[in-house]
Amino acid sequence: MTDYSTTPGGEKVLVTGVTGSIGKATVEQLLKKGIPASQIIGLSRKKEQIEDLAAKGVEVRFGDYSDYNSLLRAFEGIDKVMLTSAVAFTDRSTQHFNAITAARQAGVKHVVYMAIMRKEGSGRIMPEVTESDLFTEQVLKSSGIDYTIVYHPPFMDVLSLYFDPNPYENGIKVPANNGKMAPATRDELAEAHAVILSTPGHANKTYSLGGSHLVSFAGIAKILGEIKGQAVPFTTITTAQYIDGIMANGVPRHVAEFITGWVTAIDEGEFEYQSGDLEHLLGRKTKTYQAYLESKLA
């Protein structure tokens with residue numbers, strides 16, 4: 001059994017973006033694995049929303065990906081950095097470059113970066129994501145710092161954002177057929193991060209963190225129907241119809257197109273690869289979508 005009572009050599013681990021769901025969950029998973037709070041540092045550019053982590057004894061340092069000097073100060077004395085990727089519709093490449101360069105200058109030994117899963121050989125460019133991921137990976141691999149790159153699948157716990165909030169009344173209408181993905185929950189992915197950050201043997205490796213179970217949007221409609229014993233109609237619509245439907249709720253076109261790109265990528269199998277890496281890191285299979293929904297409805 002792995003001993004999580006301390007990181008190797010009592011290393012200091014800094015997790016960026018701790019006011020976001022993945023960053024915060026990664027810190028919480030490190031604590032669950034018995035890593036002393038004194039060895040965990042959170043990085044945030046928001047001075048609010050961090051009281052709960054501070055109350056657990058986690059030091060929170062303030063830093064902004066766009067403020068290089070703030071990163072230098074934040075990374076002082078840090079051994080490992082969990083680089084939570086910047087949000088879409090920002091200059092992700094510059095922000096990530098700043099973080100990696102500051103980490104190197106500050107003497108950080110190991111950086112873990114979360115990217116989005118890509119299907120080998122597909123050539124698909126996900127707007128706001130793929131190009132900056134590729135750039136960041138190149139910068140990290142050439143930095144001289146030990147690296148680990150974790151490729152994330154779609155988050156199971158946000159899949160409902162892709163379809164009508166009342167599927168039992170309105171069905172699921174998406175520009176997809178039966179294309180499948182291998183989603184995982186953000187907590188499962190955060191736990192994998194915590195394992196990588198708290199155990200040896202992950203330097204200069206890449207992990208594809210697809211979940212254990214494939215599911216399609218048509219399959220989600222079937223699962224929802226089985227849970228309540230009430231059919232959920234599934235309808236394939238055009239991308240134009242889907243975009244129009246999102247925009248009807250006040251969402252700007254560029255955001256609607258961004259969301260649509262994810263649905264079509266899912267349907268075309270961009271995120272269906274199952275390497276087994278996530279199961280190996282967790283030591284178990286990941287949740288099925290049905291189990292996830294039932295846990296939320298319980």
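pLDDT is the predictor's confidence in each residue, on a scale from 0 to 100. In this predicted model, the chain has a mean pLDDT of 94, with 96% of its residues reaching 70 or more. Over residues 1-6 the pLDDT stays under 50, and for this stretch the model has 15 contacts (heavy atoms within 4.5 Å) beyond four places in sequence.

Local features need pLDDT of at least 70 and side-chain atom pairs count only at pLDDT 80 or more, whereas totals for chains, interfaces and linings use all residues. Residues are numbered from 1 along each chain as its sequence is written, and side-chain values use heavy atoms, with hydrogens and water left out.

**Two helix pairs**

Two packed helices are described by the angle between their axes and the distance between the axes. Helices (H or I, at least four residues) and strands (E, at least two) are DSSP runs numbered from the N terminus. Axes are lines fitted to C-alpha atoms, for helices over the stretch in contact, and angles between N-to-C directions run from 0 to 180 degrees.

| Helix pair | Axes come within | Crossing angle |
|---|---|---|
| α1 (residues 21-32) and α7 (residues 186-198) | 8 Å | roughly 55° |
| α8 (residues 217-228) and α12 (residues 289-297) | 10 Å | roughly 45° |

α1 and α7 are therefore oblique to each other; angles under 35 degrees count as roughly parallel, over 145 as roughly antiparallel, 65 to 115 as roughly perpendicular and the rest as oblique. Their crossing is right-handed, a term used if the near helix is turned clockwise from the far one by less than a right angle. On the α1 side the contact includes Ser21, Ile22 and Ala25, and on the α7 side Arg186, Asp187 and Ala190 are among the residues involved. By class, the residues of this contact divide into six nonpolar, five polar and three charged, where Ala, Val, Leu, Ile, Met, Phe, Trp, Tyr, Cys and Pro count as nonpolar, Asp, Glu, Lys and Arg as charged, and the others, Gly among them, as polar.

The crossing angle of α8 and α12 is roughly 45°, which makes α8 oblique to α12, and α8 passes α12 in a right-handed crossing. Ile220, Ile223, Leu224, Glu226 and Ile227 of α8 meet Tyr289, Gln290, Leu293, Glu294 and Leu297 of α12, a contact with seven nonpolar, one polar and two charged residues.

**Proline 154**

Proline 154 lies in the loop between β6 (146-152) and α6 (167-170). Its relative accessible area is 4%, so proline 154 is buried (under 20%, with exposed over 50% and partly exposed in between, for a 1.4 Å probe and protein chains only). Not counting residues up to four places away in sequence, proline 154 touches Leu159, Met181, Pro183, Ala184, Ile266 and Phe271. Glycine 211, 57 residues apart from proline 154 in sequence, is 9.4 Å from proline 154 in space, C-alpha to C-alpha.
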